[in-house]
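Subject: Structure handover

Hello,

Here is the structure I promised to pass on. Please open it and keep it beside this email while you read.

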Amino acid sequence: MSELRHIDWPEILSHLETLASSELARESLRRLGPLKTPEEALRSFDEIEEAQLILNMGRRPQMESLDLFNTWYERLKRQGVLKPLELKDVRRFCMEVVDLKSAAESFTSPWLKSLGEELMDAKEPLSAIDQLMTPSGEIRTDASEALASLFKDKQEMERELQGALNKLVKKHGLEPILQDRFVTNREGRWVVPVKSGQQHHFEGIIHDSSQSKQTVFMEPQEIVDLNNQIRKTEIRIEREIEILLTELSQYLSSQVLGFERSKALLFHADIRLAQAQFANQIQAQPCSFVQDRIYLVNVRHPLMVLRSDKVVANHVEFTAEKRILLLSGPNAGGKTVLLKAVGLATHMARCGLLICADDSSQIPFFRDMKVAVGDEQSVDQNLSTFAAHLKTLTEATKV
């Protein structure tokens, strides 16, 4: 990797990783390296081109839920009961699976077709979650008949309590001693805020005081029984919610294999979509792998294409007969840029990335690659040595 910095490979990876939607995929792209065989690289080319089909529809499925996956997945594997916040993460994952599956099923190309078939049907677990909670993570009051009935009872009792408090205030003329007109809640009990030192005006229970000690929160004796009833109803609501959370978690636990399989598919798709976005940005194409030829048509430096549309393209060819490339020209004339472009094309291809050249380009699948960099003096010495060898070869040919 240290040698590859001389051909701007770290900058390529740095830009590539920004195109992934999950940190999991970004981390993988940061470590992108050569594949083992040309067949793997060609398969990567094909999948990137198929990912471009989705992007060309004007959509980019997101996989941000992958970064939160392990937290709730491990609890489901252990038959744990998920909390609403965790269910919210499961819901997001299901939505992203549904979105990707819908996008993939629009095509018949091999990778996208298999993606659409292998992703779990996440609509059912998504529906089950939506029946229990809102998209923001709040438990729905109508999640079950029992829960709806309990919430209705609680609302009626709270209205009755409000009426009782209003009557109490008027009956005892308590307005002057109240700190404000708002009824509040302390430890699950409805109370009234009373100015400190005035609590002896009516019978009740002090539950708390303000931080400034200017206000005490009292529960009038007249509403104690009603408060008790409300609290009992709240406990029943909590128990019903716990039952619903348990039932939903048990159902989701039965889907763990589908979740695990879909996670791997989303991760792979996030990488391919990022690579496809990058290919679109640098106008990249697949190449062919051959044994004894480097033939790059309209090769360009990817980073220069990212920065400008006006990039000078070059043709580069090496064969058994054409084994030497001589570059000459003024400083800042593009010699180094061309050499980097050739190096990047060969390295990107063996990493399975589309290259910044025409699709008629042909290169060997390099299993090893060296980037030699020297200072100006060493370059001059190498050129002098090469010139001497060339002169010797020329004279030998004449003889």
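Which residues do ring pairs link into a cluster? They are Phe-69, Trp-72, Tyr-73, Phe-93 and Phe-259. Keep in mind that this is a predicted model.

Now the aromatic pairs. The structure holds 8 of them. A pair of aromatic rings is described by the distance of the centres and the angle of the planes. Take Phe-69 and Tyr-73. Their ring centres are 4.8 Å apart and their planes are at 25 degrees, so this pair is stacked. Both residues belong to helix 4 (residues 69-77), 4 residues apart, or about one helical turn. Phe-69 and Tyr-73 are both buried.

Then look at Phe-289 and Phe-365. Here the centres are 5.4 Å apart and the planes are at 85 degrees, so the pair is edge-to-face. This pair links distant parts of the chain, 76 residues apart. Phe-289 sits in strand 5 (residues 288-289). Phe-365 sits in the loop between strand 8 (362-363) and helix 13 (376-398). Buried means under 20% relative accessible area. Phe-289 has 19%, so it is buried. Phe-365 has 10%, so it is buried too.

Last, a helix crossing. The axes of helix 5 (residues 84-104) and helix 10 (residues 256-281) come within 11 Å and cross at roughly 60 degrees. That makes helix 5 oblique to helix 10. The crossing is left-handed. Helix 5 makes the contact with residues including Val-90, Phe-93 and Leu-100. Helix 10 brings Phe-259 and Leu-266, among others. By class, the contact has 8 nonpolar, 1 polar and 2 charged residues.

Best wishes

How values were computed:
Residues numbered from 1 in each chain as written. Predicted model: local features only at pLDDT ≥ 70, side-chain atom pairs only at ≥ 80, totals over all residues. Heavy atoms only, no water. Axes fitted to C-alpha atoms, helices over the stretch in contact; angles between N-to-C directions. Helix = DSSP H or I, 4+ residues; strand = E, 2+ residues; numbered from the N terminus. Parallel < 35°, antiparallel > 145°, perpendicular 65-115°, else oblique. Left-handed = near helix turned anticlockwise from the far one by under 90°. Contact = heavy atoms within 4.5 Å. Nonpolar A, V, L, I, M, F, W, Y, C, P; charged D, E, K, R; others polar. Phe/Tyr/Trp six-rings, centres within 6.5 Å; stacked < 30°, edge-to-face > 60°. Buried < 20%, exposed > 50% of the residue type's maximum accessible area, 1.4 Å probe, protein only.
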